[in-house]
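Could you walk me through this structure step by step?

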Amino acid sequence: MATLPDLAPALPEIFLACASMALLMIGVFRGDGSLRLVSWLTVASFIVTGFLLLQGPEGRAVTFNGLFVADSFGTFAKLLILIASSLAVILSVNYLEKERVARFEYPVLIALATLGMLAMVSANDLISLYVGLELQSLALYVIASFKRDVAKSTEAGLKYFVLGALSSGLLLYGASLVYGFAGTTSFDKLATVLAGAEGAPSVGVVIGMVFVAAGLAFKISAVPFHMWTPDVYEGAPTSVTAFFAVAPKVAAITLFIRVLVGPFGDLAVQWQQVIQFCAAASMIIGALGAIQQKNIKRLMAYSSIGHIGYALVGLSAGSVEGVRGVLIYMAIYLAMNVGVFAIILSMRQSGRAVEEIADLGGLSKTHPMLAFAMAVFMWSLAGVPPAAGFWGKWAVFLPAIQAGLYPLAIVGVIASGISCFYYLRVIKAMYFDDVTEPLDRPTPTAGFVVAGAALFVFPVYIFFLSPITSGAAAAAAALFGAR
Amino acid sequence: MTLTTIAFYAFAIVLLASAVRVITAKNPVHSVLFLILAFFNAAGLFVLIGAEFVAMILVIVYVGAVAVLFLFVVMMLDINFQELRQGFMQYMPVGLVVGAILAVELVFLAVTQLAGGPVGGQANNAPIPPVDQVTNTEAIGQILYTDYVYAFQVSGLILLVAMIGAIVLTLRSRPGVRRQQIGQQLDRKRAEVVQVRKVPTRGGV
């Protein structure tokens, strides 16, 4: 008689799964007009999930026959994901109502996508990696085309779906090669097998690993797998873009780190080259691609590509400090992006949503506080001290320099310099251009989120820097300790 | 022993021949029928190796549902298959490249197997329980519902998302459609809707 698996480590995920199904039922039975209720209940269930996460078992717990792992590395990332998803839902409600796509499925799909992300972060086997990734991606494809009557939105959804399916194919192909040549899919067993192998690692495993890395690089939109990002960011409803820019990135990069450091830790020499290339290319493309953009959502897409490049710099160092740096970077990235997207979501001219940089013209005269907050975010994204973004870059570049990756660090600094140009262009539009048509007053919720994020980015982060740093350090140590 | 061998070759030959006919048959309905034949023979091969559960599932799921669905699609939709074939020579080089890659991989895999198998040896593979002790239904159940129950449950959620997605993206509530209102139907009393009239003989209603 088989015994029940230990459910305690997976309690947050089980709760979220049940909660999202219950929310679906509530929405179905209340019918249209239940968006607001379901959204707030979704946020509440995210909060409960976060609480359960913090109450979870200490140390590293593996359950479900080795498919699922709960450790402090995962907990750190999951908390970031839950915060990002909650804020995305909070910001979406007003936008969806104004765009007349207020349907209760939206928060339910975000809850299910978040569940997929939690499953990704906790994956301890190539199979659980894949199912978590698909749960996340499938929900994201649907919400990308949520405005189904708008051609751009359906195009974004379809484009994301086709390319996403391709990347899943690459990942699966890589996973099958790894299984074929190493004889196991479990991360723990893979680590032992690859550590025990003498001489040069098997070519099949290396090729498989590169394919898995390519599939995951697509999900974090690292160059050369970034082509979908600008189109999807531009086409998807803005509230969806705000969600895409943060939570899935955190989940995918965490999974990326877990896969590369855990099972493939002994192939570090092989994957470091790949990651270094991706990091350098992402930073350069992110910086150069954004210069031409007039649409602020496309600008943010290139900006996110660049930021993923900076985060990968930390990973390519392959050290505990590097992983710690990536986690700190993602935490700060979350705050900056949520703030910027809260502002983009409130860009409306007499009720109509606008998304050109020129529409921000003269914002300092019409909404001085909003303009100031946007300026703070832009400074921070550019990585200018003393804003929080600078410390994020500091945390990823320092380990890279310690690991002797001087060329990468130099590319990063140059790319940062170039990217300053387009971030400053937004500030120039707000402070020095003339008002074309004043923007509407932002809703109180958006204003609240903008103010909170701006204050966090500068100067409140100083108080949070030490808990974030110690949390990230513990998380990175847990990941490396498990090897 | 010899009977099994004869049965194996019979099933295998028919399977391969019908598989070839699936892609060469001019009439798409014939293609689907050959596909069904191929499934039946594959099921026969499964029975020969003692995997009776898989054999039955193959017949029930693939023949009973999937192939019949294909048949419906082929017969209901008016697709000109001659037109579809026209790009054959155009796509041939791409197909050859993909085929070559697959062939190289197979050789690569075979060489590795001959050179001593996977890096970690066969010990890493999930142990296959002996056929005489565990029926294959039980073995599959063990893998699906016990060892990989987590993946199974998450797959269920993925299907739920697919369902929600299909509804979100395609369901439109059309105004002016007369829908069945079950509550109203059940609320009707006999007295409200049925009248008993005395019809006089030869008088009409």
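In helix 3 of chain B, the buried residues are Ala55(B), Leu58(B), Val63(B), Ala67(B), Leu71(B) and Val74(B). Buried means under 20% relative accessible area, exposed means over 50%, and partly exposed is in between, using a 1.4 Å probe and protein chains only. Part of the cover over these buried residues comes from helix 2 (28-48) of chain B. An α-helix has 3.6 residues a turn, so residues three or four places apart point the same way.

Before going on, a word on the model itself. It is predicted, so local features need pLDDT of at least 70 and side-chain atom pairs count only at pLDDT 80 or more, while totals for chains, interfaces and linings use all residues. Residues are numbered from 1 along each chain as its sequence is written, chains are lettered from A and ligands numbered from 1 in the order in which they are written, and side-chain values use heavy atoms, leaving out hydrogens and water.

Back to helix 3 of chain B, which covers residues 52-76. Its 25 residues reach 34 Å from the first C-alpha to the last, close to the expected 36 Å; the expected span is 1.5 Å times one less than the number of residues. Look for Tyr62(B), where a kink of about 30 degrees is centred. The bend at a residue is the angle between axes fitted to the seven residues ending there and the seven starting there.

Now zoom out to the rest of chain B, which has nine helices and zero strands. Helices (H or I, at least four residues) and strands (E, at least two) are DSSP runs, numbered from the N terminus. Of the 205 residues in chain B, 19% are buried. The chain is divided into domain 1 (1-80) and domain 2 (133-169), with bounds from an automatic or database domain assignment. The C-alpha centres of these two domains of chain B lie 26 Å apart.

Side chains of opposite charge can pair when their charged atoms come close. Are Glu234(A) and Arg298(A) buried or exposed? Both are buried, whereas Asp231(A) is partly exposed at 24%.

Follow helix 13 (residues 296-317) of chain A further and you come to Ser316(A). With 1% relative accessibility, Ser316(A) counts as buried. A polar atom of the Ser316(A) side chain lies 2.8 Å from the backbone oxygen of Val313(A). Leaving aside neighbours within four places in sequence, Ser316(A) is in contact with Gln272(A), Ile275(A), Gln276(A), Leu405(A) and Leu408(A), where contact means heavy atoms within 4.5 Å.

Key
Polar contact = N/O pair within 3.5 Å; in protein donor to acceptor, adjacent residues only side chain to side chain.
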